[in-house]
Amino acid sequence: MALVSGGAGAATEIGAITLVEGGARLLRGAVWYKLAPGVPAEEGDIVEAFDRTQIQFELTGGTTVNLAGPGVVYAVPGKGGPPLLSLREGWLKVAAKGAGVRVRTPALDVIVAEAT
């Protein structure tokens, strides 16, 4: 498994991974990478946090998102508006600034702006 250190794709960068405590991996394109702080977060990325893992994303615009594992989040390619994160499992905490982030789960689809 390779370590992701920068983006080489045509996907839109939506922020960066700033904290990884525990085991995690990122699916970009068709390749799984070990996740590490400093990695750009791009539309189309799937991030998997293993048991007892915490991952922090800092999105462009100042919104901070924390994923607690086990969990899986997909950065859905956007069509305008705030970044869309689809949470398939796990816990997500959002501290939104400005336009914030759109969070989709099997139970809800909500835009979080200027809120925690």
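Predicted model: local features only at pLDDT ≥ 70, side-chain atom pairs only at ≥ 80, totals over all residues.

**Entry 1: Thr 63**

I began with a side chain and found a polar atom of Thr 63 lying 3.1 Å from the backbone nitrogen of Lys 97.

Residues are numbered from 1 along each chain as its sequence is written, and side-chain values use heavy atoms, with hydrogens and water left out.

Where does Thr 63 lie? I found Thr 63 in the loop between strand 7 and strand 8; strands (E, at least two residues) are DSSP runs, numbered from the N terminus. Thr 63 counts as buried, at 1% relative accessibility. Buried means under 20% relative accessible area, exposed over 50%, partly exposed in between (1.4 Å probe, protein chains only). Leaving aside neighbours within four places in sequence, its contacts (heavy atoms within 4.5 Å) include Phe 57, Val 94, Lys 97 and Val 101.

**Entry 2: Leu 87**

I moved to Leu 87, in strand 9 (residues 84–95). Leu 87 is buried, with a relative accessible area of 8%. Not counting residues up to four places away in sequence, Leu 87 touches Leu 67, Val 72, Val 73, Leu 92, Arg 104, Thr 105 and Pro 106.

**Entry 3: the core**

I looked up the largest nonpolar core, which has 24 residues. Such a core is a set of buried Ala, Val, Leu, Ile, Met, Phe, Trp, Tyr and Cys residues joined through side-chain atoms within 4.5 Å. Ile 17, Leu 35, Val 47, Ile 55, Phe 57 and Leu 67 touch the most other members. Strand 8 gives the most to this core, with four residues.

**Entry 4: the cavity**

I searched the whole structure and found one cavity of 30 Å³ or more. On a 1 Å grid over the protein atoms alone, a cavity is a set of points where a 1.4 Å probe fits but cannot get out; lining residues have an atom within 4 Å of a point. The largest cavity holds about 50 Å³ of space, the volume being that filled by probe spheres set on the points, which are joined across faces, edges and corners. Ile 17, Val 47 and Phe 57 are among the lining residues.

Technical notes: 1 Å grid on protein atoms, 1.4 Å probe; cavity = no way out; pocket = protein on both sides within 12 Å on 5 of 7 lines; lining within 4 Å. Polar contact = N/O pair within 3.5 Å; in protein donor to acceptor, adjacent residues only side chain to side chain.
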